[in-house]
There are 4 protein chains.
Amino acid sequence: MIRFGIIGAGRIGKVHAKTITEHPDAEVIAVSDPFGTAAEDLAGPLAAKAYKEAEQIFADPDVDAVVIGSPTPLHVDHIIAAAKAGKAALCEKPIAMSSDEETRLREGLEGIDAKVMLGFNRRFDPSFKQMHDLVEAGEIGPVEQLTIISRDPAAPPKDYIAVSGGIFKDMTIHDFDTARYFLGPIVSVQATGQNLDPDLADTGDFDAAVIILKNAAGAVATIVNSRHCATGYDQRLEAFGPKGMLFADNVRATTVRLSKDHYSDSAGPYLDFFLERYADAYAIELSTFIEALRDGTEISPSIDDAFAALKVAEAAEKSARGGGETIIL
Amino acid sequence: MIRFGIIGAGRIGKVHAKTITEHPDAEVIAVSDPFGTAAEDLAGPLAAKAYKEAEQIFADPDVDAVVIGSPTPLHVDHIIAAAKAGKAALCEKPIAMSSDEETRLREGLEGIDAKVMLGFNRRFDPSFKQMHDLVEAGEIGPVEQLTIISRDPAAPPKDYIAVSGGIFKDMTIHDFDTARYFLGPIVSVQATGQNLDPDLADTGDFDAAVIILKNAAGAVATIVNSRHCATGYDQRLEAFGPKGMLFADNVRATTVRLSKDHYSDSAGPYLDFFLERYADAYAIELSTFIEALRDGTEISPSIDDAFAALKVAEAAEKSARGGGETIIL
Amino acid sequence: MIRFGIIGAGRIGKVHAKTITEHPDAEVIAVSDPFGTAAEDLAGPLAAKAYKEAEQIFADPDVDAVVIGSPTPLHVDHIIAAAKAGKAALCEKPIAMSSDEETRLREGLEGIDAKVMLGFNRRFDPSFKQMHDLVEAGEIGPVEQLTIISRDPAAPPKDYIAVSGGIFKDMTIHDFDTARYFLGPIVSVQATGQNLDPDLADTGDFDAAVIILKNAAGAVATIVNSRHCATGYDQRLEAFGPKGMLFADNVRATTVRLSKDHYSDSAGPYLDFFLERYADAYAIELSTFIEALRDGTEISPSIDDAFAALKVAEAAEKSARGGGETIIL
Amino acid sequence: MIRFGIIGAGRIGKVHAKTITEHPDAEVIAVSDPFGTAAEDLAGPLAAKAYKEAEQIFADPDVDAVVIGSPTPLHVDHIIAAAKAGKAALCEKPIAMSSDEETRLREGLEGIDAKVMLGFNRRFDPSFKQMHDLVEAGEIGPVEQLTIISRDPAAPPKDYIAVSGGIFKDMTIHDFDTARYFLGPIVSVQATGQNLDPDLADTGDFDAAVIILKNAAGAVATIVNSRHCATGYDQRLEAFGPKGMLFADNVRATTVRLSKDHYSDSAGPYLDFFLERYADAYAIELSTFIEALRDGTEISPSIDDAFAALKVAEAAEKSARGGGETIIL
């Protein structure tokens, strides 16, 4: 039984708390959150301890592993603190606001056999995972063109956007990891940002974007992002190779289709957002983390993956701000 | 160049006239219809002769072949007359109002090498044909269960129903032929009629039905019929065997799919009715007829097929009227 | 917290044990099974008591409710015993081998406020449930034709078939309940049995069947059954009404589609069998049972539903054996 | 009846000849081609005149309109010659090898009321046209992101590539027009070329590409191209707006789907190439041209559209060669 402490009782902290509770070999024994009664509210029904400070989690000898769901600027500190306290860590994305933090993190972890997994949950989505397996099995030959459609159902609040680090680090970071998952290291980035939603015009951030990534072999990943999508959380993936093509469609709540006098075969909307769409992925992510801890096997996605994706995000921002020139990584 | 005479300038006569006009090796040179200006209206734009009487078609030495689109009670007479005049005939379904007519037809054709094809157009639908080819190729093993969904978009006028011979001879006859096309001779029939549309309550005919057919090997065809379907002309076919399943879906005008805030992947309605849905099938039917005439090969579907389907229709009527007992053919 | 005793540690007992374990307000505290170490094997990991006899479950004062997963001939006895012991019961289908048992059950329950739910799990399948809700909301108008495709992936062992009561009571019983769920009381039944699998020829049971049911309003349900299906557990439902049509497709493990040089858009096979396909349905069934117990609301599907479906099964058997005549209920 | 002369009896000339022959108000009366017996081979079965030189077509007083299917470097000369001869022209894409030709063409047409339509056939594809109509009707709001997947089944011969003007002018030009059709004038272009096929490595041309276009309102079109696709001619279009999304899928020969033991719902490959996929589009393009000539209405797509698309192609080439920087139009 792995005893977890949850750092940050926000939306993502709750996702992980639920997943841990449902796992037969894991339990939540502590939750920390500095704001109001957030820690109590989450910890209470789980019969877990509620703390104000993350430090109390690190100091708690009963805690085996932590989920780092704190604000991004604290991730590096929390990873280091967890490692120093001998606790494994599952850290949410992005790993930091800037790749400049990498040196500090590496130094902080020096000499410690840190067990750190990054929360790139989509690698564990059963459909994306099956596509990856089929690609690895050579079903379509080497991937030549990967197309990622990734749209959120609705933009987050403006105060969230203000501290998010921008769309590329906050939202596209998942797609950058997906591209790396299928294509390996990315060597060049071109990005175009869009400002379509007048309500978000004064945030200084893009609310939509298209990004082209290339690996050393010349394979290309194209990412189409938007902060809104009327039909729900639009998450699709297509991999094209010389021998064929793989596609993973959106997920719906049921298989029901309705036909009426002016249309046919109409399905329900896409699942609403990541909590619903990636519920299975979060559970499998947690199981994978627990198995890796138990078996002492390599943890993936790793800190390396986290900084690689972050550097792609920074290159995308630079390209989009500079008018689309290619940034060579 | 095969020179056609069209007997009956109604809806189905027009379908065939159009198909013949578009065929490179065929032309319409005469049209007969006793009602009003129907013959002139169809013949005029085609620069064809307009006759009042079918007999004028049979007497016209320029006519090589006829399309018999006259009322069903005249089909047998017209087939015999065409044969005696040395003209090939493509006759619409059903071949007669009663299988009692078979003897009369056989006698009328005695000693004549009649070239007669029955208008079971669905055998020539590219999707159904491909399914048949795949079944023949053993793709799913021997068919065990065939499911035919066949619904018209809207009921015909009540005066049409009054002389139609009833739903089984008028509408289901196509499905009986499809069942025979896939399963061969039918040995037993069970049918249930439905009266759902209050507007048709006084026609004495069923407006919907479900029929179960069986062949000698024990394979079953299930037919679901309705005289109305809000979404258009519902024409689907599924063949199930020990090794797999084949399905032919409805056809739509385009591949466009619309997603909005409360639904996704909505397609257009089905093609409206047989003119649209089976446009290709009618053209291929005609080509097949012309090729068989040219090459002197066997004509199929044949008069045998026509009476076999008609007997199944009569058995279905008897079963539905008698309360569903199985009628052994 | 509802404390459950599981009667019968076979396949279906295990399904319910898993579902109960995952429910926040339920736990398994006892398991009974007379065979070998079956009870211990299931009870052990759950820290539940293992009994040889169902009577020990009924006598256990800690047990609030039982799941009756014993062989069908024992269902009536176990329902009565549970009721007399003041325990609620979730009983598997069919409720008995014969509807003759109804009187005995009614007498056994006389004067007792028995809480009994029947395990017609498919009513709780999210897709079928949504279809039912949309029908109730009038989306397609009153159902005129219901089409149920229900095929198991592979036939059960012959010794299971020997004691199963026959395909209609054992397998189609679920479809009969689905038909009743959508159409209400069934007034007539026609059935055709098939014997297609030579390996099952000597069981005396059909291995496939097509059944037509009718309600008092003339709506028809058509059921197509087979004991085998190469592609997996084939479970589809279509409801047709004057205003439109609803369809629930099979479920697959992922949304992945593969295209290659000779085909496109190929999906994975259907989920393997009922454990996978109806995992959600079993969980919702249990929640519904628990909520009804907690809130004192009416329990559905009820004993009435169980016998109504059983009578339809008996009528289907009679019709299929008698050569397809309609049996009036 | 519009009497057509076909200039160039190659693949595209044959497509147009077939379409004209099938049109009730058009006929092919002359064909010119300088190579071998190409003109005779096409003209013969149509009972049309066969010429060696295009000039003979322009000089033929019986010719009302020409189809310009000559090599691209001759298009401008042929448009001018047709206009001077008082003949309408339907010219294939691209209009020229370089946008530098525009001045020469404008001068050549000065003072002539030239009737020139450009062969951007995809605007007339029923699915793309319906999408366009639905966008115009406001169904999804203003298009924010257009995604065009456009892959040929196999690369053309290397000697064709050598004179093709490169992938952007030869192949993507259609997609540039589609982008303009939906988004209006394009103001910036970013492109990435790929060289994936070793057989084409020495052509100096890209064999795949991804291009991002932007209009003045900030809407983006993303184009994914490849010279090969194992599954056939991959032609898909998706338009995303604030209120919803429209998608046009590939077209297949039939609706048949096959399910077997390890897969389900497998469709046939995509239609093979443009002759099959856009057969309807070519016919509607011709009808539209004929109607515009007959009614004296504006001809679209126009010479303006042709040069606008060509300039986008040149910008794409420059961006791809320069390493992906944005080219402002």
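Predicted model: local features only at pLDDT ≥ 70, side-chain atom pairs only at ≥ 80, totals over all residues.
Modeller: A salt bridge is a side-chain nitrogen of Lys or Arg within 4 Å of a carboxyl oxygen of Asp or Glu. Residues are numbered from 1 along each chain as its sequence is written, chains are lettered from A and ligands numbered from 1 in the order in which they are written, and side-chain values use heavy atoms, with hydrogens and water left out.

Colleague: What is the mean pLDDT of chain A?

Modeller: The model as a whole scores ipTM 0.96 and pTM 0.96. In chain A, 100% of the residues reach a pLDDT of 70 or more, and the mean is 97.

Colleague: How much area do chain D and chain A bury between them?

Modeller: With contact meaning heavy atoms within 4.5 Å, 39 residues of chain D and 39 residues of chain A take part. 100% of the interface residues of chain D are also interface residues in chain A, so the copies meet through the same surface. Buried area is the accessible area (1.4 Å probe) that two parts lose on being put together, summed over both. Of this area, 50% is on carbon and sulfur atoms, and the total is about 2900 Å².

Colleague: Which residue of chain D forms a salt bridge with A:Glu238?

Modeller: Four salt bridges cross the interface of chain D and chain A. In one of them the closest N and O atoms are 2.7 Å apart, and A:Glu238 is paired with D:Arg236.

Colleague: How many residues of the side of chain D that touches chain A are charged?

Modeller: Between chain D and chain A there are 22 residue pairs in polar contact, both at pLDDT 80 or more; such a contact is a pair of N or O atoms within 3.5 Å, where within protein one must be able to donate a hydrogen and the other to accept it, and residues adjacent in sequence count only if both atoms are side-chain atoms. Helices (H or I, at least four residues) and strands (E, at least two) are DSSP runs numbered from the N terminus, and those giving two or more residues to this side of chain D include β7 (145-151), β8 (186-194) and β11 (234-241) of chain D. Ala, Val, Leu, Ile, Met, Phe, Trp, Tyr, Cys and Pro count as nonpolar, Asp, Glu, Lys and Arg as charged, and the others, Gly among them, as polar. This side has 16 nonpolar and 15 polar residues, and its charged residues number eight.

Colleague: Chain D also touches chain C; which C-alpha of chain D is nearest the axis there?

Modeller: Chain D superposes on chain C by a rotation of 180° with 0.0 Å of shift along its axis, at RMSD 0.0 Å. At 2.0 Å from this axis, the nearest C-alpha in chain D is that of D:Ser266.

Colleague: How much area do chain D and chain C bury between them?

Modeller: Here 16 residues of chain D are in contact with 16 residues of chain C. The copies meet through the same surface, because 100% of the interface residues of chain D are also interface residues in chain C. Carbon and sulfur atoms hold 38% of the buried area, which is about 1100 Å².

Colleague: Which elements give two or more residues to the side of chain D that touches chain C?

Modeller: Two salt bridges cross this interface, and one of them joins C:Arg257 and D:Asp265 at 2.8 Å, N to O. Ten residue pairs are also in polar contact, both at pLDDT 80 or more. The elements of chain D are β13 (256-259) and β14 (266-267).

Colleague: Where does D:Pro94 lie?

Modeller: The peptide bond from D:Lys93 to D:Pro94 is cis, with omega near -15°. D:Pro94 lies in chain D, in the loop between β5 (88-91) and α5 (101-109).

Terms used. pLDDT = per-residue confidence, 0-100. Least-squares fit on C-alpha atoms with pLDDT ≥ 70 in both.
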